[in-house]
Amino acid sequence: MHCEPSDLFQKLEFDKVLELLAGECLGNLGKKEAGQIIPGTAFALIERKLSEVMEYKMSVDNNDWFPFSSYTDISSDLKMLEVEGYVLSEESIKNIDRVLKLVKNIFNFFKGDRKSVYPHLFDIIKDIAFDSGLIKSIDKVLDDEGNIRSDASPELLKIRRGIGSKQRELDKQFRVVIHKYKTKGWLADNVESFRNGRRVLSVPSEHKRKIRGIIHDESTTGRTAFIEPEEIIEINNDIFDLETEEKKEIYRLLKELSELLRPFAPLIGQYQYIIVQIDIIQAKVKLAGRMNAFKPKLRPNPCFHVKEGYHPLLLLKNKEIKKETVPFDLEFRGGNRILMLSGPNAGGKSITMKSVGLMQLMLQSGMLVPADPESEFGVFRKIFADIGDQQSIEDDLSTYSSRLKNMQTFLKFANPHSLILIDEFGSGTDPKIGGAIAESILRELNFKKIFGVITTHYSNLKIFAFKTKGIINGSMAFDKDTLSPTYALKVGRPGSSYAFEIAQKSGLNGKVLNYAKHKTGKNEKAVDELLVELQKDKQKLEEELKTLKGREHQLDKLIKNYEKLFKELEFQRKKFKLETKEEALQNTIRENRDFEKVIREIKETQNLSKAKTLSFQIKEKRKGLTEEVEALKEDLYYKPRPSKKDETPLKAGDFIRFLSGGATGMIEKIEKNKAIVQMGDLRMTVKLADLERAKAPLSVQKKESISTDILSYSAKFDSKIDIRGLRHEEAMKMVEDFVDKALVSGSLNLKIIHGKGTGVLRQAVRRKLREYNVDMALSHPNPEDGGDGVTLVEIK
């Protein structure tokens, strides 16, 4: 990410956020890595990092604890291990063993279905193999406390048994010696001590010549001598020799273990990298918990739609002193990209501006932000800021010169993927000239399609924002009655500085104020008030226009639905008429059989003229019905239909419906003007003119059959689901399917188990249920039955 100036992180206090993040890490490597985080610009990478944090957070919320604990940096040990012949110390191997066992627990965590529950966390380890043989080799040498095991080798076991035997012999002999000299009164009050690794007697100086042995030391006063009596010198020598052999054997074991681990040094380095990654992720989750932060919707291109956003550090500070923090909403609509923020001093303009930049840096660093999860954030490739006094004696720059230098940089490098934050735009020089230069710079920045939040007190900039597409005014609300800021952001209208009101409240002399008002004149205040009214009218008109467009769109949909329903109704009316005529034709055919019988009887009676007349009448009636049926078929099925503009010719693989009968199927193949249609197990060749496109094949059943199926479905339907442990998308899909089935089966009382956690899943369930245009009553059972962890749904 391209950031200007070089101290941007300090200007936006992102460095303080990284310090807080480092404080949540469990290892020094994690702390170091956290302090060096740089925001990214690759959408896929940012999305993946955010998903990792959300999955770890989900494991915490569901009490499915991730196996992670503190660890030691083994980088120097691994580096020395690469040196041929180098032997690791007991402490180094113990640290490596701790890392290996921590990684083993992480790999074991993903056994079973957790790979699918936490897919992004699993991706961290999926391409790396874990060798449990290393742990087994270390455990043969080190015990659970990290000390060399006595049974690490037969030789070491023999040596340590010998040491133990000699120690017991020494204890026995030492007690005898103490008793012997104590009865003679030759020992001090503290009868024994240790000097040079040897057990010695504490002997007053006047008796030191009476005891035979080796004097190892004397007290600082010279009144006490520390003597190793000759009775135990030989035993102490034996113990010293055995301890020397023990050290040699331990060194041999450590050397063998070092040789075993040496080829695996790169792999162990990868294990350590996994631990550092997990450490950063769990630190992000802990910090998010302190900030009550969430993952917003991320978009690949620059955009802003912040709902209930907070300045992260201000939120933490106020939380400690139990003070309320006012959130802000910021959404750019109608092609606007730049917010021109005005209002009184100490009203929260700078904090709001910094909040936007700080949250953007946090998000692009894979951190959750203190804003509603329905908020939308885009990805910026460049972030520029001009905040605070940047006077430089070394570079011979005044405050205003340094600000102009920043503007020059912004104009040179800014593009549509840039976020620009400017505090007190135009200040630092003559207001009239400074305002004009600021307006010109703003014009160029707007032309470059940048996004930004800019604070100012200059009226010409507010007027320019009002007149210019892409820029919108905003203000920090101010209570005129109490003359105090409310810290609430109001997008769409400029704000007044309330300089005279604040000056009056601060106790400034009335005479001074009156003179200032006289010098300012009425025009200045009138411009501000007029601008506010114009902005209000403009916003009202834009909202009304948006409402009208929405209604127009809705009306278009209703007209299309009406036309579709009318066509279907007309089709059904004609089809009903056709079926009636066909039925009449069938009845006529049946009646013909009876008439033919009568005619035969008439012929037999020799009345031929009567028979001919009757036969002619029957044929005419039958012919008339047949012609009506054919005409209706032609009108219903074969009459050319008006083609739709976006309608494409039928092709293989399309679902179709027969114009005659309404049966559905799928086209397998098209040959000239005919199609081979698959209907279940039946294949048939029909004319393309007899077909129309259908969304999906439908099988029509009788009423009794439908009723039976629904009753059977209702009997099988389970009115309770458990979505704990599922990802957000999976859980919402499951709730949607569950409610759909409930509505089909006619079930009225439903139970959704989602767990308590932070309440995010509970709120998501409620939002999903509100999408249904069905009267529902939502409630929670008693605490003993699940309380807030269960949502009860009553469909009315």
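**View 1. An open sheet of four strands with mixed pairing, in the order 6-10-7-8.** Strands are DSSP runs of E with at least two residues, and helices are runs of H or I with at least four, both numbered from the N terminus; two strands pair if DSSP finds at least two bridges between them. Strand 6 (297-298) and strand 8 (328-331) are at the edges with a single partner strand each, so one side of each has no neighbour in the sheet. The model is predicted: local features need pLDDT of at least 70 and side-chain atom pairs pLDDT 80 or more, while totals for chains, interfaces and linings use all residues. Residues are numbered from 1 along each chain as its sequence is written, and side-chain values use heavy atoms, without hydrogens and water.

**View 2. Strand 6 beside strand 10 (residues 376-377).** The two strands pair in the parallel sense over two bridges. Lys297 has Glu376 of strand 10 as its bridge partner.

**View 3. Helix 12 against helix 13 (residues 312-320).** Their axes (lines fitted to C-alpha atoms, for helices over the stretch in contact, with angles from 0 to 180 degrees between N-to-C directions) come within 9 Å and cross at roughly 65°. Gly289, Arg290 and Met291 of helix 12 make the contact (heavy atoms within 4.5 Å) with Pro312, Leu315, Leu316 and Lys319 of helix 13.

**View 4. Helix 14 (residues 349-363) across the strands.** Helix 14 lies across strand 6, strand 7 (304-309), strand 8 and strand 10, and runs at about 75° to strand 8.

**View 5. Surroundings of Phe110.** Beyond its neighbours within four places in sequence, Phe110 is in contact with Phe66, Lys115, Tyr118, Leu121, Phe122 and Ile125.
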